[in-house]
Amino acid sequence: MPDVDPDGVLPTVGSKELVAWLPTLLGLGRGDVVVHPQVAYPTYDIGARIASATPVAADGTAQVGPGRVGLVWVNSPSNPTGRVLPVEHLAKVVAWARGRGAVVASDECYAELGWDDQPVPSILDPAVCGGSHEGLLAVYSLSKQSSMAGYRAAFVAGDPALVQRLLAVRKHAGMIVPWPVQQAMRAALADDEHVAEQKARYAGRRAALLPALGRFGLRIDDSQAGLYLWASADEPASETVDRLAALGVLVAPGSFYGPGGAAHVRVALTASDERVAAAAQRLVSAGPA
């Protein structure tokens with residue numbers, strides 16, 4: 001992540017908590033629109049509804065329609081698709097949102113898990129934001145890079161004015177990260193070696209599953225980063241789920257992430273090396289449907 005003003009960094013009780021409550025913490029409500037990706041983890045939608053704002057699933061500005069846009073969510077690398085948005089796309093989102101006085105929040109929790117040896121752009125990169133973090137927030141979690149999901153260890157960084165507004169409300173709402181967890185976060189963020197080891201572990205599982213899924217007849221789309229493979233047999237997701245379940249391979253239906261995922265499944269790299277190897281062998285043995 002690019003350099004950030006220390007006053008523009010705030011620890012959060014996991015990243016999902018912030019995603020769910022950010023529209024409310026920003027004071028959004030009825031009449032406000034929260035834009036989120038069309039294929040996305042459902043908490044972006046739920047967070048808008050908690051605030052009584054209107055969630056709009058859109059990947060392009062032309063799809064947003066009427067309404068007062070208060071918040072635009074970006075998720076890159078994406079959960080579930082693993083898609084990485086280029087600098088040019090992110091810059092267009094920032095310019096569009098700033099022209100409407102909207103906040104851009106970028107969920108970047110998989111940023112350390114890119115698979116093409118190219119850095120994953122952050123919303124806070126000077127090439128994206130023009131050197132100013134005004135109106136921008138980046139969300140990051142240690143759950144993926146450091147296997148700290150149970151710690152609920154994450155942070156939000158960006159516009160110091162926005163972060164201080166969030167802090168002023170959160171401390172009264174009890175949204176305070178315990179001191180031992182903050183110290184664990186400091187230790188994890190200061191250690192790059194374990195992040196590289198974890199990434200190598202996921203890379204090995206990915207290398208085993210990619211060709212096995214292909215042998216089974218699945219196409220892998222996007223998946224440039226993250227802990228998942230976004231796979232399709234060009235059939236309803238429920239059918240793919242059932243065929244894989246018959247082999248003892250459990251995946252998530254893409255329809256869970258919106259209508260745009262109706263023909264995909266999300267295959268996780270989070271099982272043990274042994275279980276991933278066994279799944280890959282079953283897929284290869286089964287062959288195309």
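Two strands are taken as paired if DSSP finds at least two bridges between them. Strands (E, at least two residues) and helices (H or I, at least four) are DSSP runs, numbered from the N terminus. By that rule strand 8 pairs with strand 9 (residues 228–232) over three antiparallel bridges, and the bridge partner of I220 is A231 in strand 9. This is a predicted model, in which local features need pLDDT of at least 70 and side-chain atom pairs count only at pLDDT 80 or more, while totals for chains, interfaces and linings use all residues. Residues are numbered from 1 along each chain as its sequence is written, and side-chain values use heavy atoms, with hydrogens and water left out.

- Seven strands make an open sheet with mixed pairing, in the order 1-7-6-5-4-2-3.
- Strand 1 (9–13) and strand 3 are at the edges with a single partner strand each, so one side of each has no neighbour in the sheet.
- From one strand to the next the twist averages 25°, where axes are lines fitted to C-alpha atoms (for helices over the stretch in contact) and angles run from 0 to 180 degrees between N-to-C directions.
- Strand 5 (residues 103–107) runs parallel to strand 6 (residues 136–141), with four bridges between them; A105 has L137 of strand 6 as its bridge partner.

- Between strand 2 and strand 3 the chain passes through helix 2 (residues 43–50) in a right-handed β-α-β crossover; right-handed means that, with the strands pointing away from the viewer, the path from the first strand over the helix to the second runs clockwise.

**Helix 1 and helix 6**

- Helix 6 (residues 160–170) lies across strand 1, strand 5, strand 6 and strand 7 at about 40° to strand 1.
- The axes of helix 1 and helix 6 come within 11 Å and cross at roughly 95°.
- That makes the two helices roughly perpendicular (65 to 115 degrees; under 35 is roughly parallel, over 145 roughly antiparallel, the rest oblique).
- E17, L18, L22 and L25 of helix 1 meet L166, V169 and R170 of helix 6, contact being heavy atoms within 4.5 Å.
- S15 belongs to helix 1 and, at 11% relative accessibility, counts as buried.

- A second open sheet has four strands in the order 8-9-11-10, with antiparallel pairing.
- Strand 8 (219–221) and strand 10 (252–253) are at the edges, each with a single partner strand, so one side of each lacks a neighbour in the sheet.
- Helix 8 (residues 192–215) lies across strand 8, strand 9 and strand 11 (264–268), at about 0° to strand 9.
- Helix 9 (residues 237–245) packs on this sheet against strand 10 and strand 11, at about 40° to strand 11.

Key: Buried < 20%, exposed > 50% of the residue type's maximum accessible area, 1.4 Å probe, protein only.
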